[in-house]
Every structure is written in structure tokens, then in C-alpha cells.
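Here is a friendly walk through one protein chain, written for someone who likes to know the cut-offs behind each term. Please have a look at the structure first, and then read on.

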Amino acid sequence: MPGSPLRGQQRAGAPRALGRWDAMEYDEKLARFRQAHLNPFNKQLVPRQHEQRASEEAPDFASEEALPELPPGEPEFHCTERVMDLGLSEDHFSRPVGLFLASDIQQLRQAIEECKQVILELPEHSEKQKDAVVRLIHLRLKLQELKDPNEDEPNIRVLLEHRFYKEKSKSVKQTCDKCNTIIWGLIQTWYTCTGCYYRCHSKCLNLISKPCVRSKVSHQAEYELNICPETGLDSQDYRCAECRAPISLRGVPSEARQCDYTGQYYCSHCHWNDLAVIPARVVHNWDFEPRKVSRCSMRYLALMVSRPVLRLREINPLLFNYVEELVEIRKLRQDILLMKPYFITCKEAMEARLLLQLQDRQHFVENDEMYSVQDLLDAHTGRLSCSLTETHTLFAKHIKLDCERCQAKGFVCELCREGDVLFPFDSHTSVCTECSAVFHRDCYYDNSTTCPKCARLTLRKQSLFQEPGPDVDA
């Protein structure tokens with residue numbers, strides 16, 4: 001076997017030459033990939049300048065004819081603009097934009113300035129610019145959290161009778177009543193007046209020119225009872241009734257919006273087309289349709305809605321002839337006033353605090369004439385009549401069934417001296433206006449004589465004046 005060693009040498013040398021060729025082919029492909037960034041999704045063909053550059057840099061023994069070629073059935077694609085982003089060119093060890101890991105106030109302020117500069121340098125409306133804006137917001141939030149408490153704004157501010165308290169809620173979306181823009185609670189400080197619930201930015205506090213509506217409610221608690229008392233835009237000198245900004249009906253420079261409560265015209269910053277029930281329309285026309293009012297009027301009406309300042313018998317006495325609910329409510333209120341003396345002198349009633357059933361409508365246990373707008377609203381919907389009927393039933397049950405002391409204060413009809421014990425709030429009774437004695441209604445109206453109790457009291461007074469005392473005889 002003389003040829004076996006030679007064959008062995010050839011076999012041993014052939015793989016070594018083939019491995020070198022494979023290494024050259026791999027280096028060439030890698031160089032082409034890094035230079036051209038081959039993108040199989042982009043079919044735009046360009047001149048193969050990178051191949052020429054690669055062939056010039058290749059060793060002499062690697063000729064053009066020896067370069068590997070793609071199979072004939074597969075097209076060759078090259079990309080110029082869009083490249084396949086495989087993360088090869090990204091620097092994963094670079095510092096984040098804005099120094100996001102800053103921990104103290106000085107570093108955070110420096111990071112905010114750097115982030116601002118980066119935002120200005122990045123292309124507009126690009127994804128990177130949006131990400132940088134998000135980083136800036138987070139940096140400002142972190143700066144607000146680490147801010148020195150000595151630099152914080154005060155929790156209480158008193159301006160024009162407003163008593164502003166700094167809000168701590170960050171997630172509630174509100175609108176500034178002064179500048180008519182959204183309050184971003186996460187990054188902005190804002191205040192709320194505890195009297196009239198006026199909301200504004202901290203930067204807008206010194207610009208407020210309207211005093212607190214609560215002071216007007218305290219000093220002058222009365223409604224405008226004329227329906228939309230308009231005087232004309234010329235009487236306002238074509239200016240907003242609140243901020244005195246120029247306005248006109250044509251919308252130049254600002255649209256004039258009328259308030260249905262005051263009849264005056266306001267600008268769009270002072271009139272947001274809020275809807276409210278107008279007291280004058282309710283009292284005169286029993287009209288509960290909400291109308292457009294200014295911000296100031298809306299806050300005033302909201303504070304006045306539960307105040308009993310409407311005396312219906314004087315304002316519009318004919319309203320009881322057309323609204324049956326008001327007649328029923330007036331009778332229930334009169335009965336409750338007749339029950340009040342029983343509860344005041346009853347120990348059990350005072351311990352049970354029965355009169356607190358009407359703590360939301362305290363004026364119901366004081367008189368039967370005054371009404372609030374909320375009372376009229378509830379009367380229109382039927383809620384007031386139902387609640388008063390339940391309260392009336394509870395009070396009557398205590399007086400007539402549960403309490404023996406209250407039962408002992410009942411009356412017996414002195415005209416017929418028959419029937420059960422009578423109480424002044426019973427539906428079939430009548431009460432003498434002079435002595436408050438209680439009789440059956442039929443007996444009282446059928447008897448043409450005077451009240452027996454009044455006659456007895458008159459005779460007693462006369463006997464006291466006519467009979468001389470023992471000291472006089474002596």
C-alpha cells in the first residue's frame with residue numbers, strides 16, 4: 001500500500017484549506033452585513049459599493065472569482081434608509097436622559113434642565129421626544145415630593161373674604177374658576193374656598209377680583225324675584241358685569257352671555273353656560289326648568305338653595321290655588337307646629353329627640369310661612385310631601401298611643417261631650433282661636449253660641465273683680 005501515506009496527507013491538508021475558505025466566507029458575509037445592514041424586508045436595489053470596498057480590503061489570494069455568491073434563485077437586497085434594528089448599535093450602558101436616578105433636589109433640577117435641552121434637540125412629534133417629555137413630568141413630580149417644606153405654599157390663604165385651603169387630592173380633575181383652564185393636580189398646586197367653593201391655581205390667587213359669595217349670603221340673604229331683569233348691554237358699557245372685559249353680541253372681541261338670574265351679560269370666562277333653577281320663575285310660574293347662569297350666580301344660588309327666605313303668601317298668594325302639593329304641605333306644617341308644645345313638655349320625647357327628625361328643615365318647627373328653594377323643588381317632585389307625612393305619622397303615634405303624659409293633654413268636646421279624646425292636629429277637629437280648646441268640627445260650626453271654655457274663663461275673671469277680698473272687708 002505505497003500510496004496510502006500520500007492519500008492521508010491530502011486528506012489531512014484538504015480540510016485545512018477548506019476551513020480557511022469557510023473563515024474567509026464568514027468574515028466577508030459579516031463585513032457585508034455590518035456595512036450594508038442587509039434587510040430582507042426592503043427590496044430597494046442600490047449599487048454594490050460596499051462589495052467593492054470589501055474586495056479591496058480582502059487579501060490578495062481571495063480573488064473576486066473566489067468570493068461567495070448567492071444562489072441564482074434568491075434575489076439580493078440592500079437597504080439604505082431603513083435598517084434592521086437588532087440592538088447592535090444601541091448603547092445599553094449609557095446614562096438615561098435627564099439623570100432619572102437623581103436623588104436630591106440639586107440633581108433633580110440639573111436633570112430637568114438636561115431633559116429640557118434634549119426635548120428641544122429631538123425632532124418634533126417623534127417617539128423619542130414624547131418619551132423625553134414623560135421623563136420630564138416624572139422628574140418634576142419627584143422634585144415636588146422632595147421639595148423642602150419651608151418652600152411650600154401656605155395651607156390657608158385669605159383674600160377678599162375668601163378662605164382658601166390648599167387641596168391635597170392629586171387625582172381629581174378640576175377647572176380653575178379664574179383662568180378657565182384645567183388644574184393638573186399632580187404637578188400644580190390649587191386652592192378651594194371653604195365658603196363658596198371657588199377653585200383656582202395658586203398662581204391665580206393674586207388675580208382674583210370677586211369677593212366671596214358666602215359674605216353676600218351672610219349679609220344679604222335674599223333673591224332677585226324679577227324674572228330676568230335685563231337692562232341692556234349698553235348699560236354695562238359693553239363690558240362684562242364681573243371682570244369688566246370688553247364683550248359684544250357679535251362675539252368680537254368676546255361673546256356676551258346673558259345670565260337668566262341677574263339679567264346681566266358676562267364674558268366666556270365668567271359665564272360657562274352653567275344651568276340652575278331660577279327662584280323667580282319658580283315663585284311666579286312654578287317653572288323648574290334650569291336656565292343658563294353665570295359662575296357667580298350659580299355659586300350664590302347653590303349657597304342659598306336651603307335658606308328659608310321665600311314668604312309665599314306675600315310674594316304670590318295665588319300659588320296655593322293652583323298647586324295642590326303646597327296646600328297639603330302647609331296643612332302638615334301647621335299640624336307639626338301644634339305638636340311641638342307636646343314634645344317640649346314631654347320628658348320621653350325630649351330623650352328620644354323626636355324633633356331632630358326635622359333637623360334638615362329647622363324652619364318647619366318655627367313657622368309655616370317660610371320656604372326655601374329646596375323645599376319647592378322637593379314639593380314639585382313629591383319627596384317633601386312623602387317625608388312630611390311619615391314625620392307627621394311618627395309624631396302623632398307618640399302623642400296619641402305611646403306616651404301617657406301626652407294622652408293626658410288631650411281634649412274632650414264640651415259641646416257634645418261624646419267621642420274619643422281630641423287633639424288639635426286631628427283632621428276632624430276645630431280649635432278655638434281664643435282659648436285653643438278643641439271641638440268636633442261639626443259641633444263647633446253647628447253651635448252658634450260662643451266657646452264654652454271662653455265663656456267660663458270670662459265669668460271667672462268677672463267674679464274675681466266683683467268679689468272683694470277679706471282684707472278689704474276688714
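Contact here means heavy atoms within 4.5 Å. The model is a predicted one, in which local features need pLDDT of at least 70 and side-chain atom pairs count only at pLDDT 80 or more, while totals for chains, interfaces and linings use all residues. Residues are numbered from 1 along each chain as its sequence is written, and side-chain values use heavy atoms, with hydrogens and water left out.

With that in hand, Leu312 touches Val283, Pro317, Leu319, Phe320, Leu326, Glu369, Tyr371 and Leu376, leaving out residues up to four places away in sequence. Leu312 and Leu376 are the residues with the most contacts inside the largest nonpolar core, which has 71 residues. Such a core is a set of buried Ala, Val, Leu, Ile, Met, Phe, Trp, Tyr and Cys residues joined through side-chain atoms within 4.5 Å. Buried means under 20% relative accessible area, exposed means over 50%, and partly exposed is in between (1.4 Å probe, protein chains only). Helix H10 (residues 324-344) gives the most to this core, with seven residues.

For the chain as a whole, there are 17 helices and 14 strands; these are DSSP runs numbered from the N terminus, with helices (H or I) of at least four residues and strands (E) of at least two. Buried residues make up 33% of the 474 residues. Of the contacts between residues at least 6 apart in sequence, 59% join residues at least 24 apart.

Back to Leu376: in helix H12 (residues 373-381), the buried residues are Val373, Asp375, Leu376, Asp378 and Ala379. They pack against helix H6 (279-285), strand E11 (310-311), helix H8 (312-315), H10, strand E12 (370-371) and helix H13 (383-402). After H12 comes Gly382, with a positive phi near 95°.

Leu225 and Val282 are 57 residues apart in sequence, yet their C-alpha atoms are 9.5 Å apart in space.

Now for the rings. Those of Phe, Tyr and Trp (its six-membered ring) pair if their centres lie within 6.5 Å; planes under 30 degrees apart count as stacked, over 60 as edge-to-face and the rest as tilted. That rule gives seven aromatic pairs. One of them joins Phe164 and Tyr198 edge-to-face, at 6.3 Å centre to centre and 75° between the planes. Phe164 lies in strand E2 (residues 162-166) and Tyr198 in the loop between strand E5 (190-193) and strand E6 (199-201), so the pair ties together parts 34 residues apart in sequence. Both Phe164 and Tyr198 are buried. Elsewhere, ring pairs link Tyr342, Phe423 and Phe425 into a cluster.

Charges also sit over rings, meaning that NZ of Lys or CZ of Arg is within 6 Å of the ring centre and within 35 degrees of the ring normal. Arg295 lies over the face of Trp272, 4.0 Å from the ring centre, and the charged end of Arg333 sits over the ring of Tyr371, 4.7 Å from its centre.
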